[in-house]
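Please open the structure in your viewer and keep the selection tool at hand.

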Amino acid sequence: MKKIPQLLIILLASIVLSHCAFSGNNSWDSQVSGPLGMPEETRHLVQKLITNSKKAGNKTGLTITYPFDGTVFPPEIAAPVIVWQDAGSASKHWLIIVEFRSRLSPIYALVDKQHWMPDKTIWEIIKANSVHGAAKITVCGFDNKHAGNITAKNSISILTSKDRVDAAIFYRQVQLPFKVGKKNFKKIKWRLGDISAYEKPAVVMENLDVCASCHLFSKDGTLISMEMNYKDDSGAHFITPVAENIELSGKDFMTWNDFPKPELLPKTRGLFAKISPTGKYMVSTVHEISYAALTNDFAFCQLFFPTYGVLAWYAVDQKKFQLLPGADDYDFVQTDPSWSWDEKYIVFARAHTKNEYHKDITNIRTHIENADIHELNQRFPIQYDLYRIPFNQGQGGTPEPLQGAGRNGMSNYFPRYSPDGKWIVFTRSKTGIMLQPDSELFIIPAAGGVPRRMQCNRKLFNSWHSFAPNGKWMLFSSKANTPFTEIFLTHIDENGLDSPPVCLSRFSDDRYAANVPEFVNIEAGTIKRIVISDQ
Amino acid sequence: MKKTRFYLILVLLILAGCSAYRAAHRVAVFDSKYGPVQSVDRRVDFTAPGKVSFYDDVQPILERRCDVCHSCYDAPCQLKLTCFEGLERGGSKKLVYDSARLKRAEPTRLFIDADSVDEWRRMEFHPVLNEREQTAQANLENCVLNMMLQLKKTHPLPETELLPGTFDISLGRKRECTTAEDFSEYSNKYPLWGMPYALPGLTDKEHQTIVDWLKQGAAITARPQISDQAQQIINRWEEFFNGSSLKQQLVSRYIYEHLFIAHIHFDNLPAREFYRLVRSETPPGEPVVEINTDRPYDDPGVAKFYYRFRKIETTIVAKNHTVYRLNRSKLDRYRQLFWQDDYKVDKLPSYEPKAASNPLKTFADLPAQARYRFLLDDAQFIVMGFIKGPVCRGQIALNVINDHFFVAFFDPAKDAISNDTDFLARVSDFLDLPAGRESTMNIMSLWYDYSSKQKKYLDAKGRYLAKLKPDKSGNDINYIWNGDGHNDNALLTVFRHFDSASVVKGFVGDIPKTGWVIDFPLLERIHYLLVAGFNVYDNAGHQLTTRLYMDLLRIEGENNFLSFLPKDKREEIRAGWYKYARAEFKNYLQNPLRGIEWDTGIVYSTDDPKKEFFEKILEHAGPAANADDYLNRCPQESCMDKKSGPLEQRADLALQKITMIRGPQIQIVPDVTFIHVVTGNKDNDLTYTVIRNKALSNNSFLFGEERRRVVDDDTLTLVKGYVGSYPNAFCRVHIEQIDDFVDDYLKIKDQLSYYNFAKTHAVRRTSPNFWEETDWHNKEYLKDQPIEAGLFDMYRFNRIALKSDAQFKW
């Protein structure tokens with residue numbers, strides 16, 4: 001029933017537009033102002049543009065930068081901002097035409113800026129009419145002098161999936177360049193958002209005195225776990241039930257520092273710790289030594305990777321630690337573990353130790369380097385391979401190299417199982433384990449196989465991906481558009497094929513990088529606030 | 001400015017005043033509690049039954065737990081605990097090794113430079129035993145020894161994997177050298193620094209024994225007299241040395257100046273009985289009154305003196321234990337060497353320093369070949385003297401040599417120069433040594449003078465040889481001494497371990513970078529430069545000129561070696577030994593191959609003449625050489641010593657693999673590691689030493705050794721038994737785990753992998769079994785070499801790692 005008035009409006013708009021003219025100074029949107037409000041001049045102009053646009057081929061100089069051609073949107077997502085770049089100085093105004101394969105008439109909009117966001121109602125119509133066939137979005141540039149002359153033109157197509165995301169996104173906003181210290185930690189915000197919302201995701205945690213970073217929720221979304229330097233303990237990690245108001249105190253924390261360590265090693269942080277899907281266990285790098293440098297590069301302001309370490313697991317109920325046999329070889333660094341959703345396997349990154357990078361192994365410090373990430377990568381290369389090991393109730397087993405994700409002259413890391421257990425998506429770059437400019441996402445069958453570069457990759461830094469609980473969607477971070485990392489979303493079908501991604505622009509901020517995002521099997525409003533009660 | 005200076009001076013004066021007041025106050029407190037300082041006579045006739053005896057009860061504990069550091073010149077605070085006299089002398093804040101000393105220091109040699117406690121006090125030694133009222137309470141509360149032991153007991157070494165960072169075990173660490181009066185300040189500041197320092201403490205029983213002895217007044221009984229048998233032997237030898245003929249006097253002087261550092265052992269006397277040959281004011285039959293000159297060729301200052309044997313009363317420690325054996329055959333040998341030839345000594349040489357420091361001049365009347373053969377007979381002793389003799393340590397002195405090199409000698413029967421008494425006498429002016437100029441800081445001028453003299457000598461030698469050999473026939477393999485077919489001193493290997501070194505018989509280890517071939521004038525000069533003429537108490541100038549002149553002698557030895565190699569290869573080979581040497585060094589050499597213009601008489605068939613030459617030497621030396629070093633030169637099962645037992649073969653085979661790793665991978669490996677292989681039968685346990693040989697681009701400079709390191713060329717040498725006096729690490733492995741041990745060893749590449757290795761295989765400073773293992777090694781060494789063994793020094797025993805207190809934060 002709701003669709004009737006919308007369709008009516010579009011129909012009217014189409015009729016009116018065919019008789020419009022454009023004043024040249026005003027934007028006009030077929031969905032915002034009704035056809036009756038359209039000046040005669042505009043009506044005529046639009047009519048002329050439509051006629052001319054049909055004749056004009058795609059003129060170079062105009063690029064629709066977002067959405068990407070072929071982008072698949074989730075059905076519940078809020079309207080995106082369509083953005084283009086018109087290099088030609090002649091274009092002063094733009095006509096946007098959204099066409100459908102269905103019989104629905106096109107939608108038009110006239111704007112004098114190089115972006116346009118469809119009205120919520122119209123966006124819903126676009127989505128509804130791009131499920132079975134792509135919607136074509138055309139942007140035509142024109143000038144004032146020669147009314148109706150198309151100066152630039154380009155088109156893309158978008159699709160809307162039937163598959164909903166059905167999960168919230170939890171992520172961190174951090175100022176760049178990344179700096180440590182209480183003053184900087186206080187500026188960090190943690191948000192929990194819903195892709196359908198037109199507002200910015202709500203801040204659920206802020207004003208922390210300490211650093212917090214890696215986190216993971218249990219599969220059913222009932223438990224949240226997060227690395228947080230509670231009471232200055234860099235090994236501290238909380239595990240607590242998800243609730244509207246979460247008040248953290250000592251009882252919620254465990255610390256990887258309780259894992260016995262050889263005296264020489266620095267304190268264990270519990271690097272890249274991951275709670276198991278059921279929340280019964282955690283697995284983490286322990287006995288780790290990491291190389292950490294702050295660079296002079298704004299976008300890639302740190303180089304961090306472990307050079308040494310093994311995996312250990314922690315039984316949450318029994319509060320017991322144990323090394324994970326098979327991932328406990330001190331000739332290697334074993335890190336960045338990931339659980340299969342059935343908890344049968346752990347995939348992790350492994351490399352030969354690189355302790356020679358530390359001037360003094362007994363005094364590990366964060367380096368301040370007057371060098372950019374590329375220079376540092378050259379000086380401190382490291383390449384990880386992915387290995388799989390059965391968890392076997394903590395008994396571990398023999399590590400098997402994950403075919404297609406190692407020994408390829410690249411660094412392979414950040415493996416994530418798809419919830420159906422069929423796939424593993426991992427990150428690959430020439431070197432390193434995080435925040436690498438050339439990092440790209442690859443997908444392989446979960447038991448290993450031929451890797452396929454994912455379409456969703458953007459031109460700069462693609463990593464930190466997370467599957468939606470239903471496995472149909474995967475989010476990831478990228479710096480393709482801005483040094484302030486953004487979150488993207490790609491659809492993955494049953495064959496593991498992904499789509500050009502959706503940019504979650506409402507999760508972005510021009511002063512903060514949106515990082516460590518995670519899909520959470522809850523609704524966005526489930527958590528309102530997380531505080532430390534005895535900070 | 002003036003005001004500022006005034007206030008600065010005022011503040012300093014106030015601070016100094018406060019410090020002096022506090023010190024005076026502390027002394028006053030002790031005066032009031034324990035009475036004034038006084039002389040104490042600790043001698044008693046006998047130890048009463050039930051009382052603690054120093055010799056029977058205390059000394060063995062000191063030997064095992066204290067002397068491993070508190071011995072020789074590098075004893076911390078000069079506190080030598082190797083004998084009662086050292087304990088009674090006490091400690092001093094003055095350094096023996098002081099490379100910045102502008103003036104010669106007064107020597108402080110125990111038994112030599114002072115005869116009484118009062119004399120030592122005047123020389124600023126402070127007591128470590130109670131020298132106030134002799135009450136049981138004061139004997140403990142005013143006794144640094146007790147206080148140090150008690151501090152350790154109260155604050156034992158933490159049983160942690162790593163030695164706490166609060167311990168400084170570097171060689172150059174600041175000496176505290178606290179007195180009893182200052183002890184409370186020391187203990188507050190360094191609660192963990194009780195003794196033994198940075199090592200596990202004494203057992204309760206050991207502790208109590210020492211405390212009881214101190215409480216009862218630290219009494220001492222007279223030492224037992226030497227045995228009649230010993231006396232008879234000594235009488236015979238003193239009679240020999242004190243013969244009245246000029247020839248005898250000159251021969252005795254010659255021998256004395258080479259044996260003055262020796263720990264002389266007489267056959268038929270107990271294995272651990274040693275004597276020193278000294279100059280005494282008193283004749284045989286009377287108590288020895290040793291003449292305390294700095295050097296053995298210094299003027300004795302008395303009209304008549306006597307060569308006497310003085311029993312060594314201190315614990316024997318490996319770092320200065322250089323044994324020389326005297327027996328009937330040696331006496332015969334002396335007579336054969338010095339009396340067979342017909343020559344005359346008409347006049348005795350003077351003790352004037354310039355002449356006395358030049359042995360080629362002083363002993364010119366003695367036949368050169370006799371002198372050379374005297375040195376060659378005990379070549380290992382002579383060469384070891386260069387290293388152990390006058391000093392216990394000395395990195396600057398030792399960085400003049402490579403970490404590992406082979407030494408061979410010219411055959412005295414064939415080498416024209418070593419044989420020619422007249423020629424050597426003629427050129428003896430060119431062979432002057434810098435010690436002849438006494439303490440000086442005019443180093444560059446001195447060095448220039450002596451290097452010019454050496455050039456003149458080499459030129460004269462060249463001209464003389466050209467006369468002798470008109471055909472210009474070069475050196476061939478027959479010019480290498482083969483030990484006369486029986487003497488195992490023919491070939492030697494020198495290992496340098498940073499600031500100490502070892503000399504072993506035979507060619508041990510893989511083919512080294514360099515080799516020396518030594519002739520008589522070179523061997524003699526090295527002894528007079530580094531042993532007879534070296535004075536550890538002299539100033540920095542003396543030490544530097546010694547080091548610089550040794551450069552020239554090393555080059556002479558190396559060039560002798562090169563003279564056996566093809567002429568067209570010498571420059572290239574030598575260039576490999578002196579990479580990156582600075583221009584000025586090259587300039588002064590100008591003709592670095594001076595004196596070796598002729599081609600070799602050896603025909604080579606490979607492209608590696610250096611290796612081939614070493615192989616030819618080994619073949620030539622025959623049975624006298626340690627030719628079969630399969631551990632390092634043939635690491636294959638087929639090369640194993642089939643005569644050794646199955647366990648030894650198994651250990652050999654496994655451990656050999658260690659020698660194959662080299663370069664950057666072994667940077668963390670300690671210089672000297674003793675490996676104890678446990679076999680299950682303690683009598684059959686095995687011992688090996690792993691030596692790390694650190695390569696240098698060149699040896700041209702005193703300082704900046706780290707900058708000259710070529711880590712890619714570093715190697716490891718594996719030796720059965722013990723090499724080195726200062727072990728840096730102990731490993732202990734059961735024969736059943738020997739392969740795992742080696743696998744783990746091969747994984748060592750950095751501090752962390754070494755730490756991981758050490759967790760399983762090393763005995764650490766903090767290990768509860770540290771002393772047990774130390775005792776085992778000392779006993780084993782003694783069992784293996786009853787006469788040559790001495791206590792190992794633990795002062796350089798490495799910590800596994802020094803953990804920073806800083807925490808990694810992100």
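Begin by showing both chains together: between chain B and chain A there are eight residue pairs in polar contact, with both residues at pLDDT 80 or more. A polar contact is a pair of N or O atoms within 3.5 Å; within protein, one must be able to donate a hydrogen and the other to accept it, and residues adjacent in sequence count only if both atoms are side-chain atoms.

The model is predicted, with local features needing pLDDT of at least 70 and side-chain atom pairs counting only at pLDDT 80 or more, while totals for chains, interfaces and linings use all residues. Residues are numbered from 1 along each chain as its sequence is written, chains are lettered from A and ligands numbered from 1 in the order in which they are written, and side-chain values use heavy atoms, with hydrogens and water left out.

**Stop 1: chain B against chain A**

Select Lys747(B) and Asp331(A), which form a salt bridge with their closest N and O atoms 3.2 Å apart. The term denotes a side-chain nitrogen of Lys or Arg within 4 Å of a carboxyl oxygen of Asp or Glu. One salt bridge is found across this interface.

Next, colour the residues in contact (heavy atoms within 4.5 Å): chain B contributes 20 residues and chain A contributes 32 residues. The two chains bury about 2200 Å² between them, with 59% of it on carbon and sulfur atoms. Buried area is the accessible area (1.4 Å probe) that two parts lose on being put together, summed over both.

**Stop 2: domains 4 and 5 of chain B**

Select residues 359–627 and 635–784 of chain B, which are domain 4 and domain 5 in the domain assignment. Such bounds come from an automatic or database domain assignment. The C-alpha centres of these two domains of chain B lie 30 Å apart. Contact between them involves 35 residues of domain 4 and 23 residues of domain 5.

Across the interface of domain 4 and domain 5 of chain B, two salt bridges are found.

**Stop 3: Arg333 of chain B**

Move to helix H11 (residues 328–339) of chain B, where Arg333(B) is found. Helices (H or I, at least four residues) and strands (E, at least two) are DSSP runs, numbered from the N terminus. Is Arg333(B) buried or exposed? Arg333(B) counts as buried because its relative accessibility is 17%, and buried means under 20% relative accessible area, exposed over 50%, and partly exposed in between (1.4 Å probe, protein chains only).

Leaving aside neighbours within four places in sequence, Arg333(B) is in contact with Arg373(B) and Asp377(B).

**Stop 4: the two domains of chain A**

Finally, select residues 3–160 and 168–532 of chain A, its domain 1 and domain 2. Their centres, taken over C-alpha atoms, are separated by 41 Å. About 1300 Å² is buried between these domains of chain A, and carbon and sulfur atoms give 68% of that area. Highlight Phe68(A), Val72(A) and Ala78(A): these residues supply 38% of the area that domain 1 of chain A buries against domain 2 of chain A, more than any other three residues. Zero salt bridges are found across this interface of chain A.
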